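Please read it beside the sequence and the structure.

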Amino acid sequence: MSDLTIRHATREDLPALGEIVFAWEQRTEWMRSENDAAEIGRFIETAFDERIILVVGDPAVAYLAFDPERQRIGGLYTSVSGKGIGKALMDKIKEGRDFLWLNTHEPNRAAYKFYKRAGFVEVSNEGAEPANGVPELRMEWRR
């Protein structure tokens with residue numbers, strides 16, 4: 001993908017965002033969810049007005065959800081890897097900020113390495129998320 005134009009998500013993007021997460025869950029052997037793509041899209045919609053949601057593509061092929069009140073990245077998912085999309089989204093959300101934090105699934109070594117390259121450091125083990133039983137690590141970034 002050569003066009004890395006980042007834009008703010010609209011409600012029309014929600015089905016595509018649900019599909020991105022659902023597809024990731026389906027191809028990730030340690031992540032199991034009872035939710036289909038439509039349910040995931042509805043879940044994202046419940047926080048839509050309180051989050052900054054950045055997307056790449058039309059239809060969206062990647063997104064980053066950010067809670068500006070807590071300075072927390074709540075999700076970064078892409079259906080296209082190795083093209084710099086995740087880095088572009090991460091660089092965009094860092095603009096004008098001095099601190100960010102996120103949780104990443106402990107078994108997701110690729111994500112862990114990506115966040116380390118982006119300057120995040122592991123600060124704690126958060127244990128397993130009740131919804132899926134997968135342990136999470138808290139990582140933080142400071143300018």
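This is a predicted model: local features need pLDDT of at least 70, side-chain atom pairs count only at pLDDT 80 or more; totals for chains, interfaces and linings use all residues.

1. Aspartate 98 is exposed, and so is arginine 143; exposed denotes over 50% relative accessible area, buried under 20%, and partly exposed the range in between (1.4 Å probe, protein chains only). Aspartate 98 and arginine 143 form a salt bridge whose closest N and O atoms are 3.5 Å apart, a salt bridge being a side-chain nitrogen of Lys or Arg within 4 Å of a carboxyl oxygen of Asp or Glu. The pair links distant parts of the chain, with aspartate 98 in the loop between H3 and E5 and arginine 143 in the segment after E7, 45 residues apart. Helices (H or I, at least four residues) and strands (E, at least two) are DSSP runs, numbered from the N terminus.

2. Residues are numbered from 1 along each chain as its sequence is written, and side-chain values use heavy atoms, with hydrogens and water left out.

3. The structure holds 10 salt bridges in total. One of them joins the side chains of glutamate 45 and arginine 11 (3.5 Å, N to O).

4. Another salt bridge is formed by the side chains of aspartate 13 and arginine 7 (2.8 Å, N to O). Aspartate 13 counts as buried because its relative accessibility is 5%, whereas arginine 7, at 25%, counts as partly exposed. Arg7, Asp13 and Asp58 are linked in a network of salt bridges.

5. The largest nonpolar core has 23 residues, and those with the most contacts inside it are Ile73, Leu89, Met90, Ile93, Tyr115 and Phe120. Such a core is a set of buried Ala, Val, Leu, Ile, Met, Phe, Trp, Tyr and Cys residues joined through side-chain atoms within 4.5 Å. Strand E2 (52–57), E3, E4, H3, E5, H4 and strand E7 (135–142) each give two or more residues to this core. A second, separate core of 18 residues includes Ala16, Met31, Ala60 and Tyr63.

6. Which residues does isoleucine 93 contact, leaving aside its neighbours within four places in sequence? They are Ile52, Leu54, Leu64, Phe66, Ile73 and Leu100, contact meaning heavy atoms within 4.5 Å.

7. The largest pocket holds about 1,400 Å³ of space. On a 1 Å grid over the protein atoms alone, a pocket is an open set of points where a 1.4 Å probe fits, with protein on both sides within 12 Å along at least five of seven lines; lining residues have an atom within 4 Å of a point. The lining comprises 49 residues, of which Gly74, Gly75, Leu76, Tyr77 and His105 lie nearest the centre. E4 supplies the largest share, seven residues.

Conventions: Grid points are joined across faces, edges and corners, and a volume is the space filled by probe spheres set on the points.
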